[in-house]
Amino acid sequence: MTEALTKNNTERLRKLVGAVLGPLCALVLWFMPIDGLAEQAHHLLALMSMVAIWWITEPVPIPVTSVLGPTLCVVFGIVKVEEAYAKFANPMIFLFLGGFLLAKAMMVNGLDKRIAYGIMSMKWVGNSPKRIFLAIGLACILCSGWISNTATAAMMFPISLGLLEAIRKMMAKNGKVIDLANYKYATGLMLMTAYACSIGGVMTPIGTPPNIIMLGFVEQLAPTAPTVSFFQWMIWGIVAMTLYFILAYAVLWKMFPADVKHIEGAREFIRQSVNDLGKWTRAQKNTMIAFSTAFVLWVAPSVLTLIHGPHSDIMTFYNSHFPEAIAAMIGGLLLFFLPVDIKKGQMTLSWKDGVEGIEWGTLLLFGGGLAMGAMMYSTGLSAWIGTSIKEFLGGNPSEWAFVGVFCVSALILSELTSHTASTNLIAPIAIGAAVSLGFSPIPVAVGIALSSSLGFMMPVSTPPNAIVYASGYIPITKMIKSGFFIDLVGISIVTIPVVMILVKFVMGI
């Protein structure tokens, strides 16, 4: 109770300080002389400072701040209204929209649980606590690559709790009473559930908001940079996800091992859960058809490129008619046309479920971030920031060091605030600096996206952390200790090498 009160007081103080500091900082920068900065860019910098502070401190909801920024830019004459709001219709937003519809259909129709329990019911899992630990993690990463990390955590959390209750009952039958709140394996399983949900998000461009945000900013602020395809992202996404997962599994199992070799009640719990799901429903089959359609359309360009070449007529036609945003929308819209019961007019996804399932706040945040980034580019602010960073770094820094600095910065920010907001904040600065220094913006963009998914130290870092922390089975010191180690090793041994070697190789840069 005391801890909750302290947390609430801290949150209120943070919001109050941000509410005052944001406008104050904007006023100071507005009237402060800054050499080499045009008037529009100068005024945009002032407003950006308030937006950045409010993104971090959240005196109002983050999506509200994201819409407020472009609105104030019109009010103060920085840009015309058409330019301010145009980015809210960016094709990347519709890529996300289609992904949200597919994810909602998976959740509403129970396909996500069928996949999760399907993995856990495999023969190799059995009653082994170590394999159950692994299976929970695998279920989380595979689901969160396609649906939101938060939704995956919310789905897997009760499954993990059920398994722990089965362990407690089995122990009690054998005359051993355990307190799950002080049981190492319970702590480890909860942390694995949270961490794997965040790790799985790096697998695909739609797995977590920072991935799409960074691709959108590269397209917006560095239009001459190569386009990153869905399949190309998956190449390094799968590698990074696998390495992160191996690291998290090794650390968590070392810190929180089970004290038994077999959990006799686990197999029965999982079997009963699978039986409760019943046979595949028509809605589940239709959802799989819609998802498979989108997936095929996403990976088809890479296959066609290998067969016909990147500049063939068929590739020109395909890219013109089936870009990735259209592929996502085709899959998402199919859900409203594939029937479950024609007589009742029941489709795979209802309009009510679809609308309620869309994370409109994320879309507004994404659109606002793209709008502010576009204005930074058009007013020359991003070029000025890039030049300033270049001078600060001595004019000719190593690309490894440059990418490393921004990866660490993104990681630190993601521990303090929403990883989506932190990505919006740091992306224009990093891409502008990369262009100014003559580096390709793609490695630093991917590095920031991957680093933003490594917020493992605090309950407030990511929604999956907060969800599992509510179980009461995770001492805060244990989360900080395990999260710090995975963050440190992950960013130094996985993130930066993957970005600087694999991403550059795949993109040919």
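Analyst: R14 is partly exposed, with a relative accessibility of 24%, where partly exposed denotes the range between buried (under 20% relative accessible area) and exposed (over 50%), with a 1.4 Å probe and protein chains only. The model is a predicted one, in which local features need pLDDT of at least 70 and side-chain atom pairs count only at pLDDT 80 or more, while totals for chains, interfaces and linings use all residues. Residues are numbered from 1 along each chain as its sequence is written, and side-chain values use heavy atoms, leaving out hydrogens and water.

R14 pairs with E58 in a salt bridge whose closest N and O atoms are 3.9 Å apart; the term requires a side-chain nitrogen of Lys or Arg within 4 Å of a carboxyl oxygen of Asp or Glu. Because R14 belongs to helix α1 and E58 to the loop between α2 and α3, this pair ties together parts that are 44 residues apart in sequence. Helices here are DSSP runs of H or I with at least four residues, numbered from the N terminus. In general, side chains of opposite charge can pair when their charged atoms come close.

The structure holds two salt bridges. In the other, E399 pairs with K504, and the closest N and O atoms are 3.3 Å apart. This pair too links distant parts of the chain, 105 residues apart: E399 lies in helix α19 (residues 399–416) and K504 in helix α23 (residues 476–507). Both E399 and K504 are buried, whereas R14 is partly exposed and so is E58.

A nonpolar surface patch also belongs to the surroundings. L13, V17, L21, L24, V28 and M32 make up this patch of about 520 Å²; patches consist of residues with over 30% relative accessible area and no salt bridge, nonpolar side chains (Val, Leu, Ile, Met, Phe, Trp, Tyr) being joined within 5 Å and like charges within 9 Å. Areas come from the Shrake-Rupley method with a 1.4 Å probe, and for residues only the protein chains shown count as cover. M32 counts as partly exposed because its relative accessibility is 37%.

Terms used
Helix = DSSP H or I, 4+ residues; strand = E, 2+ residues; numbered from the N terminus.
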